[in-house]
Amino acid sequence: MSYPPGAPPPPPAGAPQPGYGGVPTSEERNWALAAHVGTFVAAWFAMGFIAPLVIMLVKGNDSAYVRKHAVESLNFQITLLIYIVVGFVITLVTFGLGALVVVPVAIVVAVFALVVIIMATVKAANGEQYRYPLCLRLVS
C-alpha cells in the first residue's frame, strides 16, 4: 500500500483516533456509552435527546471524546424526533390515510434506530468513533 510522499500512514485498527488526545479513559468510555444508552430511558416520552444533551453539557468540556459521542447521539435523537413529527403531520394532513404508509415505515425506522444505537454503544465502550447513518448534523 503506498501513501502520498511525506504523509504518515493511517493508524492501525483499534489505535486511538486523531483529535482525541490519546486513548480514552475508562470514565470517558462510560460517559460516551451513557450518551447512547441513556436515550432508551427517555425515549418512552419521545425525549431521547435529554440524556445526550445533559452529558454534553456536563462532561462535554472535560473530554473531546465524550463530547463527540454525546453530540452524535444528540443529533441522531433530534433527527428521529423530526422524522416522528413529519410522520404525524402526514397522517393528519391525509386524514389518517397516511398512517397506512407511516406506521410500517415507523416500525422499520424503530428497528433501525435500535440497531444503530446498540452499534454506537459498543463502539463507545471500545473507545472508537461512530457516526450514525441518515442523521442530520444540527448540533456541532
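Analyst: Start with α1 and α3, whose axes lie 8 Å apart at an angle of about 5°. This is a predicted model. An angle under 35 degrees counts as roughly parallel. Therefore α1 and α3 are roughly parallel to each other. Which residues make the contact? From α1 come E28, R29, W31, A32, A35, H36 and T39. From α3 come Y65, V66, H69, A70, S73 and Q77. By class, this contact of α1 with α3 has six nonpolar, five polar and two charged residues.

Now turn to the pairing of α1 with α4. Their axes are also 8 Å apart, but the angle is about 165°. Angles over 145 degrees count as roughly antiparallel. So α1 and α4 are roughly antiparallel to each other. Their crossing is left-handed. On the α1 side, the contact uses R29, A32, L33, H36, V37, T39 and F40. On the α4 side, it uses L114, I117, A120, T121, A124 and A125. Nine of the residues in this contact of α1 with α4 are nonpolar, three are polar and one is charged.

Next comes α2, which spans residues 50-59. The axes of α2 and α3 come within 8 Å and cross at roughly 155°. That angle makes α2 roughly antiparallel to α3. The crossing of α2 and α3 is left-handed. Helix α2 brings P52, L53, I55, M56 and K59 to the contact. Helix α3 brings V66, R67, A70, V71, S73, L74 and Q77. The contact of α2 with α3 divides into eight nonpolar, two polar and two charged residues.

Finally, look at the largest pocket. Its volume is about 640 Å³. It is lined by 24 residues, and the closest to its centre are L80, I84, A106, V109 and A110. Which helices supply at least two residues each to this lining? They are α1 (26-43), α3 (64-93) and α4 (99-125). The largest share, ten residues, comes from α4. What is the lining made of, by class? It has 20 nonpolar residues, four polar ones and no charged ones.

To put the parts together: α1 is roughly parallel to α3 and roughly antiparallel to α4. Each of α1, α3 and α4 also supplies at least two residues of the lining of the largest pocket.

Methods: Residues are numbered from 1 along each chain as its sequence is written. This is a predicted model: local features need pLDDT of at least 70, side-chain atom pairs count only at pLDDT 80 or more; totals for chains, interfaces and linings use all residues. Side-chain values use heavy atoms; hydrogens and water are left out. On a 1 Å grid over the protein atoms alone, a cavity is a set of points where a 1.4 Å probe fits but cannot get out, and a pocket is an open set with protein on both sides within 12 Å along at least five of seven lines; lining residues have an atom within 4 Å of a point. Grid points are joined across faces, edges and corners, and a volume is the space filled by probe spheres set on the points. Helices (H or I, at least four residues) and strands (E, at least two) are DSSP runs, numbered from the N terminus. Ala, Val, Leu, Ile, Met, Phe, Trp, Tyr, Cys and Pro count as nonpolar, Asp, Glu, Lys and Arg as charged, and the others, Gly among them, as polar. Axes are lines fitted to C-alpha atoms, for helices over the stretch in contact, and angles run from 0 to 180 degrees between N-to-C directions. Angles under 35 degrees count as roughly parallel, over 145 as roughly antiparallel, 65 to 115 as roughly perpendicular and the rest as oblique. A crossing is left-handed if the near helix is turned anticlockwise from the far one by less than a right angle, and right-handed if clockwise. Contact means heavy atoms within 4.5 Å.
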